[in-house]
Amino acid sequence: MPVRRQSALAAFTLLSGLSLPALAHSPLAGDGQERLVAWLTLLLLGLLWATYMIGARRIRPRRWQAWLFHGTALLCLATLLGPLDDWAKTGTAAHMTQHMLLMGVIAPLWVVSRPLPQLVSASRTLTPVLWGPLLQLVRYPLLCACLHAIAIWFWHMPRFYMAAVENPWWHLLEHASFLLTAGLFWWSVFQGASRRAPWALLAVLFTLMHTGFLGAILSFAGQPLYGEARDLADQQLAGLIMWVPGAIPYLLATAWVGYRWWQRMLWRMA
């Protein structure tokens, strides 16, 4: 894709994000700390976008990769700064939908867009302290899956769940931990060497099992786990969202990694 056209696409993405304050219930239009955190979130996403664009001028991505990266950025803006974020304060199902979009849709789509060459090219000075350790970490899919599991279960414990709902700074930290650990997990699964396919398959199945178990806990609980003010039916719906549609990305990843493993076995037999 020509750099000029790519820049126009990215500018459209950013302007779309800046138009979110016009939407009802956007946190960008809030007051006090909520508004400050929302603008900080937009700033961080804008920094990621700018880094990618600088790197894209040096190493041009394929057209579908650029479209996927910018489209996912727009989806991330809508998820974090749209009305869904406001609904998540009072609705457990809306909160769970936001979580599953971050971990099961946005993170894997960003990984599939392969932005690493552009990001590394634009931030070469950070390679020894940032990219180097991350590249070493993603060589161990099961370890990345365990880190992701810790983040999921930590933020779904009643005390920390309510802290994220009531405090915008904790909410920002929750979203950052979900995106970071999910990104490492999907990176280790999708971009790992084919010889690590068995470990990647084990990591995906482990994640599928423990997230399904958490969804079952929320679905079959006899009382609200996140305070009496929370509706039990809404909590059960949240559990179903994690349990059923939330499992689809992991099932697709299981099929893909299993196929890679099978292809490697055929190659070795040949």
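Modeller: One term before we start. A polar contact is a pair of N or O atoms within 3.5 Å, and within protein one must be able to donate a hydrogen and the other to accept it. Bear in mind too that this is a predicted model.

Colleague: Fine. What caps the N-terminal end of H10?

Modeller: Asn167 does. One of its side-chain oxygens sits 2.8 Å from the backbone nitrogen of Trp169.

Colleague: How far apart are the end C-alpha atoms of H10?

Modeller: They are 32 Å apart. The helix covers residues 168-190, which is 23 residues. At 1.5 Å a residue the span should be 33 Å, so the two values agree.

Colleague: And how many of the residues of H10 are buried?

Modeller: 17 of the 23, so the rest of the structure largely encloses H10.

Colleague: Let me zoom out. How many helices and strands does the protein have?

Modeller: There are 13 helices and 0 strands. Of the 270 residues, 49% are buried. Take the contacts with a separation of 6 or more: 75% of them join residues 24 or more positions apart.

Colleague: Where is confidence lowest, and where is it highest?

Modeller: Helix H1, residues 3-18, is lowest, with a mean pLDDT of 51. H8 is highest, at 96. Over residues 17-24 the pLDDT is below 50, and that stretch has 14 contacts in the model beyond near neighbours in sequence. For the protein as a whole, the mean is 85, and 86% of residues reach 70 or more.

Colleague: Let's look at H8 then. How many residues has it, and how far does it reach?

Modeller: H8 runs over residues 141-155, so you get 15 residues reaching 21 Å from first C-alpha to last. The expected value is also 21 Å.

Colleague: Which residues of H8 are buried?

Modeller: Pro141, Cys144, Ala145, His148, Ala149, Ala151, Ile152 and Trp155. They take up an arc of only 160 degrees around the axis, which places them on the same side of H8.

Colleague: Why would residues three or four places apart point the same way?

Modeller: An α-helix makes a turn every 3.6 residues, so positions three or four apart face the same way.

Colleague: What does Thr181 contact?

Modeller: Setting aside neighbours within four places in sequence, Thr181 touches Leu147, His148 and Ala151. Thr181 belongs to H10. Its relative accessible area is 13%, so it is buried.

Colleague: New topic. How many salt bridges are there?

Modeller: The count is 2. In one, the side chains of Glu34 and Lys89 meet at 2.5 Å, N to O. Glu34 lies in H2 (residues 32-58), and Lys89 lies in the loop between H4 (83-87) and H5 (92-112), so the pair ties together parts 55 residues apart in sequence.

Colleague: And what does Lys89 form with Asp86?

Modeller: A salt bridge, with the closest N and O atoms 3.6 Å apart. Shared partners join Glu34, Asp86 and Lys89 into one network.

Colleague: Is Glu34 buried, exposed or partly exposed?

Modeller: Partly exposed, with 22% relative accessible area. Lys89 is partly exposed as well, at 27%. Asp86 comes in at 23%, again partly exposed. The cut-off matters here: buried means under 20%.

Colleague: Last one, Gln118. Buried or exposed?

Modeller: Buried, at 2% relative accessibility. Gln118 sits in H6, residues 116-122.

Technical notes: Residues numbered from 1 in each chain as written. Predicted model: local features only at pLDDT ≥ 70, side-chain atom pairs only at ≥ 80, totals over all residues. Heavy atoms only, no water. Helix = DSSP H or I, 4+ residues; strand = E, 2+ residues; numbered from the N terminus. Expected span 1.5 Å × (residues − 1). Buried < 20%, exposed > 50% of the residue type's maximum accessible area, 1.4 Å probe, protein only. Arc of directions from axis to C-beta. pLDDT = per-residue confidence, 0-100. Contact = heavy atoms within 4.5 Å. Salt bridge = Lys/Arg side-chain N within 4 Å of Asp/Glu carboxyl O.
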